[in-house]
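Take a moment to look over the sequence and the model together. The paragraphs below walk through them step by step.

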Amino acid sequence: MANSFPLTFVSRGDHVTLTDIRAGDKLRQHLGNLGLHIGARVRIVQTDSADGLILAVKNDVRLALARATAQKIMVSPVEGGV
Amino acid sequence: MASQVVKIALAGNPNVGKSTIFNALTGSRQHVGNWPGKTVEKKEGRLYLDGVDVIVVDLPGTYSLSAYSIEEIVSREFIIHEHPDAVIAVVDAANLERNLYLVTQLLELNVPVIVALNMSDIARGRGLTIDAARLSAGLNGTPVIETVGSNGLGLEALKQAIQQAAASREQRRAVIAYDAVLERELALLQNAIEAIPALTQRYQPRWLAIKLLENDEDICGRAVTDDALLAAARAAAERIESETGDDAETWITDGRYAFISSVVSSAVSRPREALETTSDKIDRILTHRIYGLPIFLLLMWLVFQMTANVSAPLVDWLDAVISGPLTRWTAALLGALGFGGSWLEALLTEAVIAGVGGVLVFVPVLIALYLAIGVLEDSGYMARAAFVMDRVMRLVGLHGKSFLPMLVGFGCTVPAVYATRTLEHDDDRRLTAFLVTFMSCGARLPVYVVIGTAFFGASSGSLVFGLYLLGIVVALATGWALKRTVYRNKPPQPFVMELPPYRAPRLRDVWRQTWSRTSGFVRKAGTLILATSIGIWLLMAVPTSGGAQFSAVAPEASLFGTLSKLAAPVFAPAGFGTWQASGALVSGLIAKEVVVGTMSQIYTPGTPDADQSEAPNLLNDLAGIGSSFGEALVLTAQEVVNIVPRTLNIVPGINMAEADFLGAGDQADDTTALEAALTQNFTPLAAVAFMVFVLLYTPCMVTISAMRHEFGRRFVLYQIAYTLMLAWIGAVIVYQGGLLLGFGG
């Protein structure tokens with residue numbers, strides 16, 4: 001998809017939508033169970049935490065992702081927010 | 001309806017207040033165990049409703065019923081094979097979408113579901129309003145009961161729903177309609193499944209069809225063995241991908257979320273809220289890439305203080321009561337019955353009471369640890385700790401959460417083994433438990449100190465520090481090596497974790513958790529330790545030369561002494577090939593500090609180890625137990641207070657005095673006779689090799705029984721073999737290497 005980049009290239013407060021998850025079935029399923037499925041909209045809550053970032057899914061759930069995992073998730077920006 | 005037994009399962013995401021509802025339903029009628037063959041905690045409780053006997057099974061907290069973690073598989077298998085009369089899905093109103101994901105999967109399993117919509121404090125704080133009737137209608141008539149965990153609201157309605165479900169056993173079908181292409185393939189697969197009776201007897205056909213399309217690891221790899229069906233599923237998945245451009249799994253996840261979104265949007269109204277919550281603000285500091293780690297280390301230091309020091313006075317008290325008054329009373333009772341001085345008295349006092357006492361003295365340690373862990377878990381910090389430590393632990397192939405057990409291991413290996421329960425994946429747990437035994441526990445310290453001061457006097461401090469360091473290095477090296485051999489095919493678990501909002505810990509829940517974990521240990525470990533104590537006692541009681549009597553024999557002339565002599569040559573290359581040394585090591589299996597006790601018995605016989613100047617009477621004993629308990633409580637309080645100076649004193653330049661409530665100060669141990677004997681029997685180099693062996697060899701039997709309880713017999717056998725081998729190699733390297741370098745004198 002055009003204008004798509006890994007989840008590691010975001011800044012705090014960005015709203016993005018997931019376009020692709022470059023991972024095995026198992027991880028993809030697990031991410032999906034946690035609300036990170038393709039098409040899901042997330043907001044970036046922190047980018048300077050530990051070795052990774054914290055996301056808000058549907059504005060409620062907070063998910064912590066290691067940088068290595070975030071690199072596998074492709075996103076594109078959303079106008080207007082969640 | 002009389003004596004009808006109904007089985008209800010309690011399912012839900014982690015941290016939704018499931019255990020609060022479980023506790024409220026079943027009260028104290030609970031039973032904690034492990035799932036058959038698995039190391040996941042299994043909780044069962046009972047509830048009586050108008051003559052109906054209800055068994056409530058608390059399933060592990062999971063996000064879904066896929067096959068990602070062992071908890072998910074356990075939950076799923078229970079629902080499929082045990083056919084509960086109903087499943088109560090506890091749903092957190094604050095996270096409705098994600099929580100309903102699990103509910104849709106339950107509905108797809110075609111099991112009667114009752115939704116307990118838990119209005120958590122967070123949900124209410126956000127001003128959410130949820131129309132339970134609309135939610136119920138959206139879920140195809142599934143009963144939705146509003147509950148408030150903290151005040152028990154909705155509990156009666158929940159009980160009524162259980163009764164109704166049990167009476168009707170009405171099944172509901174989920175109405176998730178997937179994309180048309182997907183539905184077409186599902187129908188084809190469903191037909192194929194229905195032609196195989198072995199499968200339809202066990203599984204709901206539509207559910208199985210969905211799982212086949214999802215390429216579910218457990219189903220495709222284990223449950224379904226029919227090659228034609230598996231091939232059909234693969235073909236279906238390929239058709240879906242080529243026709244739509246997305247794989248089946250994505251369609252299924254999307255379908256579930258689309259269904260959930262439509263249900264939620266009709267039932268929930270939420271006020272516009274601030275984007276940044278209080279939790280987010282706290283996280284900006286606690287998970288910060290720079291401050292996060294020091295804060296974490298400080299908290300872990302506090303946990304360590306709790307387990308190692310705060311519990312110590314009560315441990316000493318229990319130890320004194322068991323080895324003092326309790327042993328005396330038993331002896332007096334046996335004497336009154338005419339068994340005085342008999343082998344029965346020796347068996348009861350030396351093996352049974354000492355053995356069981358050895359377990360009981362761990363109770364304060366475990367309670368302190370579980371309280372600390374419980375507070376960290378319940379407050380929501382544990383998830384952050386794992387996040388902060390993940391990068392560091394990953395270097396040696398471990399998960400972020402492995403840090404806590406390793407640290408606790410410096411206090412005592414037993415709670416460390418149990419602390420691995422906070423890890424989600426079984427492989428991570430096993431690897432971590434395998435490594436915690438190399439952390440020098442508190443019981444090894446007296447061995448280092450006694451031997452160290454005997455040979456090196458004041459400079460023994462750096463030797464002790466070196467031994468601690470060696471343990472850490474060995475643990476890291478073992479982890480590194482195992483991750484490249486035994487666990488080679490297990491790539492590190494990717495780090496994705498939910499961070500629950502922070503909240504004040506609910507002490508009732510923390511205490512309940514603490515108690516059930518501690519009592520579980522006492523029950524399970526007690527039996528094995530009792531048996532081992534009796535075994536070692538027998539070895540020491542059986543004479544091997546004529547003339548000596550059963551249970552009245554010098555250690556050297558017992559079967560124990562004889563066996564020690566047989567084992568001794570094995571240790572010759574390490575410099576301590578005497579029967580005394582190997583005997584001390586064998587007895588150290590009971591508990592590592594026993595090594596010192598045995599040595600003093602063997603090397604300095606005739607010095608009684610307990611003062612028996614005058615036998616106190618029962619009344620004095622009782623008064624003594626009471627007053628020493630009071631003293632122990634005061635000391636416990638003192639240790640709690642002293643956490644502050646100890647913590648501040650880490651900072652260079654600060655030297656705050658520690659509180660000393662009883663003015664007792666440190667008591668000097670009377671070990672000089674032993675120290676003199678040691679210097680005659682060991683060379684300094686052999687003494688170091690001996691300490692290295694004590695550090696690395698097989699953990700004490702309380703640890704072994706804890707490990708067996710958690711991971712099974714095979715794991716323990718590997719652990720014993722590995723540690724014995726490693727300890728021997730380590731000791732030999734130290735001794736022979738030292739000789740080569742000229743330290744032989």
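Two strands count as paired if DSSP finds at least two bridges between them. Keep that rule in mind, and look at strand β2 (residues 15-21) of chain A. In this predicted model, β2(A) is joined to strand β6 (residues 73-77) of chain A by 5 bridges. The two strands run antiparallel. One bridge can be picked out by its residues: A:D20 has A:M74 in β6(A) as its partner.

Strand β2(A) also pairs with strand β3 (residues 41-49) of chain A. That pairing is antiparallel too, and it has 3 bridges. Find A:V16 in the model; its bridge partner in β3(A) is A:V42. In general, strands of a sheet pair through backbone hydrogen bonds, and they may be parallel or antiparallel.

Now step back to chain A as a whole. How many helices and strands does chain A have? The secondary structure comes to 2 helices and 6 strands. Chain A has 82 residues, and 50% of them count as buried. Next, take the contacts in chain A with a separation of 6 or more. Of these, 53% are between residues 24 or more positions apart.

The sheet itself reaches into the other chain. Which strands make up the open sheet, and in what order? The sheet has 7 strands, in the order β1(A)-β6(A)-β2(A)-β3(A)-β4(A)-β5(A)-β10(B). The pairing is antiparallel. At the edges are β1 (5-6) of chain A and β10 of chain B, and each of these pairs on one side only.

Look at the place where the sheet passes from one chain to the other. Strand β5 (residues 61-66) of chain A is joined to β10(B) by 3 bridges, and the strands run antiparallel. A:L63 has B:E498 as its bridge partner in β10(B). A:L65 has B:V496 as its partner in that strand.

The contact between the chains takes in other parts of chain B as well. In total, it uses 33 residues from chain B and 32 residues from chain A. On the side of chain B that touches chain A, the elements giving two or more residues are α3 (96-108), α12 (248-267), α13 (278-286), α18 (381-394) and β10 (496-498). Which of them gives the largest share? It is α12(B), with 5 residues. Sorted by class, this side of chain B has 12 nonpolar, 9 polar and 12 charged residues.

Turn next to chain B on its own. Chain B has 32 helices and 10 strands. Of its 745 residues, 42% count as buried. Again take contacts with a separation of 6 or more. In chain B, 72% of them are between residues 24 or more positions apart.

Two helices of chain B show how packing can be described. Helix α23 (residues 460-484) and helix α30 (residues 684-696) of chain B have axes 10 Å apart, at an angle of about 45 degrees. Are α23(B) and α30(B) parallel, perpendicular or oblique to each other? Angles under 35 degrees count as roughly parallel, and 65 to 115 as roughly perpendicular. The two helices are therefore oblique to each other. Their crossing is right-handed. From α23(B), the contact uses B:L467, B:L470, B:G471 and B:V474. From α30(B), B:M691, B:V692, B:L695 and B:L696 take part. By class, the residues of this contact are 7 nonpolar, 1 polar and no charged.

Finish with two loop residues of chain B. B:N140 is not a glycine, yet it has a positive phi of about 60 degrees. It lies in the loop between α5 (132-138) and β8 (144-147) of chain B. Why does B:N140 count as partly exposed? Because it has 14 C-beta neighbours inside 10 Å, while a buried residue needs 20 or more and an exposed one has 12 or fewer.

B:N215 also has a positive phi, near 60 degrees, and it too is a residue other than glycine. Its loop runs between α9 (205-213) and α10 (217-223) of chain B. B:N215 has 19 other C-beta atoms within 10 Å, so it is partly exposed.

Technical notes:
Residues are numbered from 1 along each chain as its sequence is written. Chains are lettered from A and ligands numbered from 1 in the order in which they are written. This is a predicted model: local features need pLDDT of at least 70, side-chain atom pairs count only at pLDDT 80 or more; totals for chains, interfaces and linings use all residues. Axes are lines fitted to C-alpha atoms, for helices over the stretch in contact, and angles run from 0 to 180 degrees between N-to-C directions. Helices (H or I, at least four residues) and strands (E, at least two) are DSSP runs, numbered from the N terminus. Angles under 35 degrees count as roughly parallel, over 145 as roughly antiparallel, 65 to 115 as roughly perpendicular and the rest as oblique. A crossing is left-handed if the near helix is turned anticlockwise from the far one by less than a right angle, and right-handed if clockwise. Two residues are in contact if their C-beta atoms, placed from the backbone, lie within 7 Å. Ala, Val, Leu, Ile, Met, Phe, Trp, Tyr, Cys and Pro count as nonpolar, Asp, Glu, Lys and Arg as charged, and the others, Gly among them, as polar.
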